[in-house]
Amino acid sequence: MPTPPYLPLPPTDRVRSPRTGWTRAHWEAVADRMLDALVPYATPGFAQYRLPGRGSWSGVVLDGLEGYARSFLLASFRMAGAAGDVDPRLTERYARGLTNGVDQASGEAWPRITDCSQQMVEAASIAVGLHETRPWIWDRLDPRVQERVVDWLSGFVGHRTWDNNWRLFQVVSEEFLASVGAPHSRQDIDDGLDRIEGWYAGDGWYTDGDGRNFDYYVGWALHLYPLLWSRIAGPHGEERAKVYRERLHAFLTTYPHFFGSDGAPVHQGRSLAYRFAAVAPVWMGALADCTPLAPGLTRRLASGTVRHFAERGVPDERGLLPLGWYGTFLPATQPYSGPASPYWASKGFLGLLLPPDHPVWTAREEPLPVEEGDRYTALPAPGWLLHGTQHDGIVRLVNHGSDHNPPEGEGADDPHYAKLGYSSATAPESAPHAFTRAVDGHIALLGPDGTPSRRTRIHPLTCEDRRASSWHTARLPDGEGTIRTTSLLHGPWELRVHHVEAPRGVRVREGGYAVAGRMRPAAARGAGWATATTADGLSSAVAGLYGWDANASVERDVQSNALGPHSAVPCLHLADHPGGRTVHVSLVALTRDVPEPQALREAITVAVDEEGTVVVTLPDGGSLRVDP
């Protein structure tokens, strides 16, 4: 797919970069385009960038601060990576903006930092940027301006943050204060770093606060900030930094399995408008000298991801990052997201801090795992199975562990966490009207009025090899049931075995992956199977192997999916649950092949005994067993 003409890039290098064609020069060109595009939206003193688009709940001034701080992170990587040899207007813009932002008489001043305020998020980016550009900005500031910067950042000292990745904003900001000899609280710093120890789940995985909050914040926050802190702290932070490097090494061992061959990361979790911030931990692994990845794989992964978005119009014709995945799509954002929020994507340019002669820039690109063969990866900490298929380059995430709920209470569902499956080629149906229907990636009990049960709190059971399982309570307005699901990976398919406890007379429905595009997906269905296929050949299919009625369907929607205005979901149905325990076995597929669900139904046999033990016999003669 070609890059749009409004994003001029250098010639590709297919010798050094046979997979993407990209070099360091491409990264610099994209960074420069993004930074230059912000200038028309700057306030006169450059302390705020007030971008077009929906405002956040924080208001226009804080949205403007966000524009400054997050783009300063990108500018700082660009400056430091070039040892200050950049257009002097870039350095001047951000130095002038900083001067006016901390001057209460400037008319553009940033609000003071208070407990749990958005200013904390943005201050951390400014602190990191000031550290990385110290010779070109901080050291050249008038001492009175330095004092005002210190005074503003000192709003962190002794104050409270939200109890999640925000603890690390305080850590890096107060460490910067320490590095310039300003008052700070060593207790704040130590408490923040101690707090994340309670969130470490093993194998390189953190949860973002208490509960099972697994998403890209693991990489672009919980791994990133401790090692950014160590760059500021220097030798006295080395003992902790050693642990952080070991954990990032473990995380990166499997992280490349999240990326499809087209560069797309799996579409799961919140704040997806940050897009290529997903590659930040990959660059940090190289920067902190703790990566298990070959230099050529590091660049191939990172370049492939940024190229994926560039080819699909991000940045857009204005040079801006819209609120969405490709174009603007507000249902994929959160109320705290403002027009400059996507510029946390700046973290994805961390690799520019590595010098041009570093092996990540000079080594020949190496293929992603999914480009070398089919891959099955069990991640017990988050409760996920990753399933990549070489022939179509798609990576699927089977979710039996992340629900983004606090540890106590009933919990709520979120389309970016509650689904059984996510992938690098699809997005969940997330518009409010589609969320109410809860069709895709979900098995639901349906009440008399069609209200679906929700998958709120996920209780993980197993996750190993090619198998994972969990259970959840399926609540309806007039009753509830329990659904235990076991996912089994075989070849390009996922087999789902559901043990359902439900009241008599409810309906049961299961939806496959939602596929979306600019054109209406084609649909086909038969006795116990259904498919939906986009114009570019991506097919989602479901086949009922046991316990389902013959009347499968394809549910369509518009303006409900981040990947396109038209979407469709194939579904299986049971019209009348007998009450008590039932067993339902489904085959779920997402592929660029032509699916053959009817042939698969005929080639796969399912036996269920009185206790609910399920044995699935596959076309190749192998069998899979699931106990009740």
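Visitor: How many bridges join strand β9 to strand β10, and which way do the two strands run?

Guide: In this predicted model, ten bridges join β9 (residues 467-476) to β10 (residues 479-490), and the strands run antiparallel. Two strands pair if at least two bridges are found between them, so β9 and β10, with ten bridges, count as paired. One of the partners is Ala474, whose bridge partner in β10 is Gly481.

Visitor: What makes β8 and β14 the edge strands?

Guide: The open sheet of eight strands has the order β8-β9-β10-β11-β19-β16-β15-β14, with antiparallel pairing. Strands β8 (459-464) and β14 (522-526) each pair on one side only. From one strand to the next, the twist averages 20°.

Visitor: Why is Cys116 called buried?

Guide: Buried means under 20% relative accessible area. Cys116 has 12% relative accessibility, and therefore counts as buried. Cys290, with a relative accessible area of 6%, is buried because that value also lies under 20%. Buried residues make up 62% of the 628 residues in the protein chain.

Visitor: How many disulfides does a search of the whole structure find?

Guide: The search finds zero disulfides.

Visitor: How do you know what radius of gyration a compact globule with 628 residues would have, and what does the protein chain have?

Guide: The globule rule is 2.2 Å times the number of residues to the power 0.38. For 628 residues this gives a value near 25 Å; the protein chain has 25 Å, so the two agree.

Notes: Residues numbered from 1 in each chain as written. Predicted model: local features only at pLDDT ≥ 70, side-chain atom pairs only at ≥ 80, totals over all residues. Heavy atoms only, no water. Helix = DSSP H or I, 4+ residues; strand = E, 2+ residues; numbered from the N terminus. Axes fitted to C-alpha atoms, helices over the stretch in contact; angles between N-to-C directions. Disulfide = S-S within 2.5 Å. Buried < 20%, exposed > 50% of the residue type's maximum accessible area, 1.4 Å probe, protein only.
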